[in-house]
Amino acid sequence: MSSPLKIWHPFTNSAVDPAPIEIERAEGVWLYAKDGRKIIDAVSSWWVNIHGHANRRIAAAIAEQARKMEHVILAGFTHEPAEELAARLRKWVAPELAHLFFSDDGSTAVEVALKLAVQHFSNSGRAEKSEIVALEHGYHGDTAGAMSVSDDSPFTDPFRTMRYPVRRVHSAYCYRCPVGLRRETCHIECLGQLETLLEEHGKKIAAVIVEPLLQAAGGMIVHPVEFLQKVRALCTKHGVLLIADEVLTGFGRTGKMFACDLAGIAPDLMCLSKGVTGGFLPMGVTLCSDRVEAAFRSKNRLHTFYHGHSYTGNALACAAANASLQIFDEEPVFERIAKIAEINSERLAQMKKYPQVGDLRQIGTIGAIELRTDDAGYLSAMRAKLYQFFLERGVLLRPLGNVVYVLPPYVISPEELHRVYDVIVEAIETVF
Ligand SMILES: Cc1ncc(COP(=O)(O)O)c(C=O)c1O
């Protein structure tokens with residue numbers, strides 16, 4: 001037999017990165033490799049897993065659904081798992097959000113939100129309101145539209161000509177304050193840019209997109225709650241839609257079901273993915289207000305949202321999502337989240353003493369340590385060294401350059417989480 005095709009692994013350069021580790025089995029927070037290694041998945045497998053790997057309830061729900069009906073076209077049809085998910089999400093999302101549009105992953109959930117925002121104004125006879133505002137350090141996915149609203153980075157660099165123009169404004173990166181102030185005494189002056197932009201050009205702007213309270217891939221940057229609240233107020237004042245990309249922050253990551261809940265605000269559009277199916281199957285969900293959707297309800301066929309992916313509303317993914325939300329209803333998930341948050345704060349506080357540590361950030365289940373270096377950023381030389389160091393000690397952590405972060409499944413035990421932090425402390429003490 002000829003040799004098999006070679007798998008091209010994401011975010012991997014086969015000339016310099018180590019060969020992939022073959023995982024045979026996973027359970028809870030543990031990954032079991034073919035070579036006998038046991039690894040703690042401290043990044044929830046790219047931030048998707050929430051109730052642990054191979055969760056029995058979710059696995060059973062998928063199996064049961066697969067025996068009944070695996071998938072059916074969602075244009076012109078519907079099915080119980082999708083309707084159940086719409087009903088279950090109603091309990092958790094802000095009352096202002098009334099409609100739900102399915103897609104495939106985080107990037108497509110973002111693409112849908114951006115297109116809905118632009119077409120909303122086009123259908124309303126205000127086609128000139130078509131520009132998008134996004135934040136510095138933002139990351140919204142790897143498809144062309146999501147890449148456009150993401151900030152410039154090594155990820156987007158080769159695609160400069162493919163990205164559409166976006167108005168970019170300061171983010172509240174307090175450790176590297178864009179306006180040179182200190183959080184203890186500032187009044188969120190970094191928002192001044194957005195304020196001026198909306199005052200001067202609000203008539204041309206359809207939407208502002210943010211990762212609420214936490215810019216993840218940009219370096220686990222935690223924003224003050226007031227920043228998000230003020231962005232909401234400015235959008236309302238200038239008739240601009242607010243898109244909350246909760247692809248990572250959704251489903252308990254920040255301590256509340258959604259990051260917007262922590263700030264007590266409701267966006268006009270919200271993007272969900274990652275944790276929605278408990279980390280079992282891909283799914284994107286974009287929610288929007290009735291006001292946004294109303295512009296599409298029209299006798300004019302051209303006002304239709306002509307967008308849909310083959311696997312939209314996949315019944316197996318819906319069954320997984322319903323089982324995951326049932327776990328939220330029936331198990332002490334928020335107690336697990338609170339325990340992780342408590343350990344995160346305790347362990348991060350102990351790291352203040354290290355001169356190698358530049359900044360410590362935390363929001364709910366996520367703890368981040370920004371290490372001092374001359375080559376800060378995703379391509380920092382520290383990254384590869386640290387990644388290997390952690391793996392050799394049985395912990396999967398994927399530093400974002402010089403930012404080491406912990407983002408575990410909620411079923412991690414205190415002992416397991418302490419082990420993760422012990423390894424990070426060992427790295428700080430011995431590698432640098
Ligand atoms: C905030 C945010 N939005 C969108 C995405 C893209 O999601 P996906 O990788 O599922 O396309 C990510 C992925 O990390 C993300 O963190």
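In this predicted model, three strands make up an open sheet, arranged in the order β13-β14-β16 with antiparallel pairing. The edges are taken by β13 (357-363) and β16 (403-406), each of which pairs on one side only. From one strand to the next, the twist averages 15 degrees. Looking at one of the pairings in detail, β14 (residues 366-371) and β16 run antiparallel to each other over four bridges, and glutamate 370 sits opposite valine 403 of β16. Helix α13 lies across β13, β14 and β16, and runs at about 165 degrees to β16.

That helix also turns up at another sheet. α13 (residues 414-431) lies across β2, β3 and β15, this time running at about 95 degrees to β3. The sheet in question is an open one of four strands, ordered β1-β2-β3-β15, and its pairing is mixed. Here β1 and β15 (395-396) are the edge strands, each pairing on one side only. The antiparallel part includes β1 (residues 23-27) and β2 (residues 30-33), which are joined over four bridges; within this pair, isoleucine 23 has alanine 33 of β2 as its bridge partner. β1 and β2 form a hairpin with two residues between them, and glycine 28 in the turn has a positive phi of about 60 degrees. A parallel pairing is found between β3 (residues 38-41) and β15, over two bridges, with isoleucine 40 partnered by valine 395 in β15.

Turning to the helices, α3 (residues 80-92) has 13 residues, which at 1.5 Å a residue should span 18 Å; the C-alpha atoms at its ends are 19 Å apart, in agreement with that. Pro81, Ala82, Leu85, Leu89 and Trp92 are the buried residues of α3. Viewed down the axis of α3, these buried residues fall within an arc of 95 degrees, so they line one face of the helix. The general rule is handy here: an α-helix has 3.6 residues a turn, so residues three or four places apart point the same way. On the face of α3 turned away from the buried side are the exposed residues Glu80, Ala87 and Lys91.

Phe227, Leu228, Val231, Arg232, Leu234 and Cys235 are buried in α7. Around the axis they cover an arc of only 165 degrees, which puts them on the same side of α7. Thr236 and Lys237 are exposed, on the face of α7 turned away from its buried side. The packing partners of the buried residues of α7 are β5 (131-135), α6 (192-201), β7 (205-210), β10 (241-245) and α8. After α7 comes glycine 239, with a positive phi near 65 degrees.

Two loop residues are worth a look. Methionine 220 belongs to the loop between β8 (214-215) and β9 (221-222), and counts as buried because its relative accessible area is 0%. Setting aside neighbours within four places in sequence, methionine 220 contacts Trp47, Leu214, Gln215, Leu248, Arg361, Ile366, Ala368, Leu400, Val403, Tyr405 and Leu407. Serine 150 is in the loop between α5 (144-149) and β6 (167-169). With a relative accessibility of 1%, serine 150 also counts as buried. Not counting residues up to four places away in sequence, serine 150 touches Gly138, Tyr139, His140, Gly141, Arg163 and Arg168. Arginine 163 is 57 residues from methionine 220 in sequence, and their C-alpha atoms are 24 Å apart.

Finally, the cysteines. The structure holds zero disulfides. Cysteine 174 is in none, and its nearest cysteine sulfur, in cysteine 186, is 6.2 Å away. For cysteine 186, too, cysteine 174 supplies the closest cysteine sulfur, and the 6.2 Å between them is too far for a bond. Cysteine 174 counts as partly exposed because its relative accessibility is 33%, whereas cysteine 186, at 17%, counts as buried.

Conventions. Residues are numbered from 1 along each chain as its sequence is written. This is a predicted model: local features need pLDDT of at least 70, side-chain atom pairs count only at pLDDT 80 or more; totals for chains, interfaces and linings use all residues. Side-chain values use heavy atoms; hydrogens and water are left out. Two strands pair if DSSP finds at least two bridges between them. The expected span of a helix is 1.5 Å times one less than its number of residues. Buried means under 20% relative accessible area, exposed over 50%, partly exposed in between (1.4 Å probe, protein chains only). The arc is that of the directions from the helix axis to the C-beta atoms. A disulfide is a pair of cysteine sulfur atoms within 2.5 Å. Contact means heavy atoms within 4.5 Å. Axes are lines fitted to C-alpha atoms, for helices over the stretch in contact, and angles run from 0 to 180 degrees between N-to-C directions.
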